[in-house]
Amino acid sequence: MAPIVSKRLGKTDVEKRMTLPSKSLKCFPPLSGDKHMVDFAVRDECDRVWKFRIYTRKSNKKYPKPVLTKGWREFVCSKRLRVDDRVEFYMVKEEANRVEYRVRVEKAVKIFGVVFGHEPSHC
């Protein structure tokens, strides 16, 4: 199963909100009508469900610049995420056209400040 988003976290992602590639927006729950945000649930590798909000710019529909806002900082703090850690989101199609979103965390393996790879996070 290929991730819909795989991102190495930067400073803003860890301290404030996670920016998402605009092209990934089509893989997440749709924004309805003139709405510029949508809440959705994501299950992590420990089977915990997290509630996130995708927010887009109101004024620029051509370049929506989606970000994860509500629920994201709680997730970061709980998982003790840091710059250079990796987060991957997956969309799993269930029975009856139901979709479930999953998230996976990989912690950066650093030696003397240099990232040598990532290892899965543990529950």
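Among contacts in the protein between residues at least 6 apart in sequence, what share joins residues at least 24 apart? The share is 49%, where contact means heavy atoms within 4.5 Å.

Welcome to this structure. It is a predicted model, in which local features need pLDDT of at least 70 and side-chain atom pairs count only at pLDDT 80 or more, while totals for chains, interfaces and linings use all residues. Residues are numbered from 1 along each chain as its sequence is written, and side-chain values use heavy atoms, with hydrogens and water left out.

## The overall layout

The protein has two helices and eight strands. Along the sequence they follow the pattern β-α-β-β-β-β-α-β-β-β. Helices (H or I, at least four residues) and strands (E, at least two) are DSSP runs, numbered from the N terminus.

Of the 123 residues, 36% count as buried. Here buried means under 20% relative accessible area, exposed means over 50%, and partly exposed lies in between (1.4 Å probe, protein chains only). The protein exposes about 7,900 Å², and carbon and sulfur atoms supply 51% of that area. Accessible areas come from the Shrake-Rupley method with a 1.4 Å probe, and for residues only the protein chains shown count as cover.

Strand β4 spans residues 49-55, and its side chains alternate.

Strand β3 (residues 37-43) pairs with β4 in the antiparallel sense over seven bridges; two strands pair if DSSP finds at least two bridges between them. As one example, A41 has K51 of β4 as its bridge partner. Strand β5 (residues 67-68) also runs antiparallel to β4, joined to it by two bridges, and there Y55 stands opposite V67.

The hairpin of β3 and β4 has five residues between the strands. With a relative accessibility of 53%, D47 counts as exposed.

## The core

The largest nonpolar core holds 23 residues, and those with the most contacts inside it are F52, L68, W72 and F89. Such a core is a set of buried Ala, Val, Leu, Ile, Met, Phe, Trp, Tyr and Cys residues joined through side-chain atoms within 4.5 Å. The elements that give two or more residues to this core are β3, β4, α2, β6 and β7.

F52 shows how these parts come together: leaving aside residues up to four places away in sequence, F52 touches V38, D39, F40, V42, L68, K70, G71, W72, F75 and F89.

## Helix α2 and what follows

In helix α2, the buried residues are W72, F75, V76 and K79. They lie on the same side of α2 because they cover an arc of only 100 degrees around the axis, the arc being that of the directions from the helix axis to the C-beta atoms. These buried residues pack against α1 (11-15), β2 (18-19), β4, β5, β6 (86-93) and β7 (99-111).

K79 belongs to α2, which covers residues 72-79. The side chain of K79 makes a polar contact with the side chain of D44 at 2.9 Å. A polar contact is a pair of N or O atoms within 3.5 Å; within protein, one must be able to donate a hydrogen and the other to accept it, and residues adjacent in sequence count only if both atoms are side-chain atoms. Beyond residues up to four places away in sequence, K79 touches D44, E45, C46, W50, V105 and K107.

Just after α2 comes R80, which takes a positive phi of about 55 degrees. Most residues other than glycine have a negative phi.

| Residue | Relative accessible area | Class |
|---|---|---|
| K79 | 12% | buried |
| R80 | 65% | exposed |
| D84 | 16% | buried |
| P120 | 44% | partly exposed |

## Links across the sequence

D84 lies in the loop between α2 and β6. D84 and R8 are 76 residues apart in sequence, and their C-alpha atoms are 5.3 Å apart in space.

P120 is found in strand β8 (residues 114-120). Its C-alpha atom is separated by 9.9 Å from that of D85, 35 residues away along the chain. Not counting residues up to four places away in sequence, P120 touches R104, V105 and E106.
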